[in-house]
Amino acid sequence: MMLRVEALTLSFGGVRALNEVGFEVREGEFFGILGPNGAGKTSLFNCLSGLVKPAGSVTVEGTELLGRRPHEIAELGVARTFQNLGLFGSMSVTENILVGGHRQISGGALSAALRWPRTFRSERQARARADGLVDLLGLGAYRDATVDTLPYGIRKRVEIAKAVASGPKLLLLDEPVAGMNHEETDQFVDFVLELKDRMGLTIVMIEHDVPMVMRISDRILALDFGEVIGVGTPEEIRHNERFISAYLGAPTGAGTTAEPQLQGGTR
Ligand SMILES: Nc1ncnc2c1ncn2[C@@H]1O[C@H](COP(=O)(O)OP(=O)(O)OP(=O)(O)O)[C@@H](O)[C@H]1O
């Protein structure tokens, strides 16, 4: 199992942000996380990336993550993007990717995808590697562009390129299409699915755009008030009564499907 979360519980004072949360993500899955504001999605990601200290267990391919520091978790092959762009705006696309790839790898999915030799150490080689990633991700036209000058959708791609430059096996995407228009969102979906295939990634994604999550995910975890209210295929979640009422704020009649009403995810 790529990711196994068991009895994850996190409190802030009297607020229980996560309550006995458990689920599993299989290798190669695209796993979406949905829930209204305050459901605990960001808290969950913060647990997975070592930013907070919950109770419970989180294992990646059998290795316990809880108790490890964020850089140790990154070294175990877990990469993350944030809601706000984590880029150096005055640096070029390639320079940003070089920063992301500072954790040198000598094998793994990225090397395989780009056919790199097993050991690859020098600055020149690191640059060649970043160039390869730029091409792989269709960012060639922007290679030397300063990040601040690029459209938002492209900057988001650069951020993801930076996150995967270290050759992770598990990628955590935190609201990647927030702030994108429909066209940018569609392009992003194509981009991220190709990236996943090319690099053999497992992806876990938080996103408020319910139709997009339904479209892209193999399976979905639905959270509300820090608890799991459903895990299943998009079709199963779409018909899950607890999920529907969490989004609409009231119980709904039999046969109702959530999707037409679900655009924002706010209560
Ligand atoms: N640092 C904190 N201090 C106190 N309470 C917090 C903190 N972080 C989160 N919470 C609370 O924990 C609960 C879960 O919040 P969280 O941010 O994880 O939800 P979310 O699903 O990511 O929401 P959103 O969609 O708005 O980002 C909320 O009640 C929130 O107010």
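Two strands count as paired if DSSP finds at least two bridges between them. Strands themselves are DSSP runs (E, at least two residues), helices are runs too (H or I, at least four), and both are numbered from the N terminus. With that in hand, let's walk through the model.

This is a predicted model, in which local features need pLDDT of at least 70 and side-chain atom pairs count only at pLDDT 80 or more, while totals for chains, interfaces and linings use all residues. Residues are numbered from 1 along each chain as its sequence is written, and side-chain values use heavy atoms, with hydrogens and water left out.

**The four-stranded sheet**

Start with the open sheet of four strands, in the order β2-β1-β4-β5 with antiparallel pairing. β2 and β5 (63-64) sit at the edges with a single partner strand each, so one side of each has no neighbour in the sheet. Here is how the pairs line up:

| β1 and β2 | seven | Leu3 and Val25 |

**The six-stranded sheet**

Next comes an open sheet of six strands, ordered β6-β7-β8-β3-β9-β10, with mixed pairing. Its edge strands are β6 (78-80) and β10 (227-232), each pairing on one side only. From one strand to the next, the twist averages 15°. Inside this sheet, β3 (residues 30-34) and β9 (residues 219-224) run parallel and are joined by four bridges. Ile33 stands opposite Leu221 in β9.

**Around the ligand**

Now for the ligand. The residues surrounding it include Phe12, Val15, Lys41, Thr42, Ser43 and His208; a residue is near a molecule if one of its heavy atoms lies within 4 Å of it. By class, this shell has five nonpolar, six polar and one charged residues. Ala, Val, Leu, Ile, Met, Phe, Trp, Tyr, Cys and Pro count as nonpolar, Asp, Glu, Lys and Arg as charged, and the others, Gly among them, as polar.

How far is a ligand oxygen from the side chain of Ser43? An N or O atom there is 2.6 Å from an oxygen atom of the ligand. Ligand oxygen atoms also come 2.8 Å from a polar backbone atom of Gly38 and 3.1 Å from one of Ala39. A polar contact is a pair of N or O atoms within 3.5 Å.

β2 (15-25) and α1 (41-48) are the elements that give two or more residues to the shell, and α1 gives the most, with three.

Definitions and conventions. Polar contact = N/O pair within 3.5 Å; in protein donor to acceptor, adjacent residues only side chain to side chain. Axes fitted to C-alpha atoms, helices over the stretch in contact; angles between N-to-C directions.
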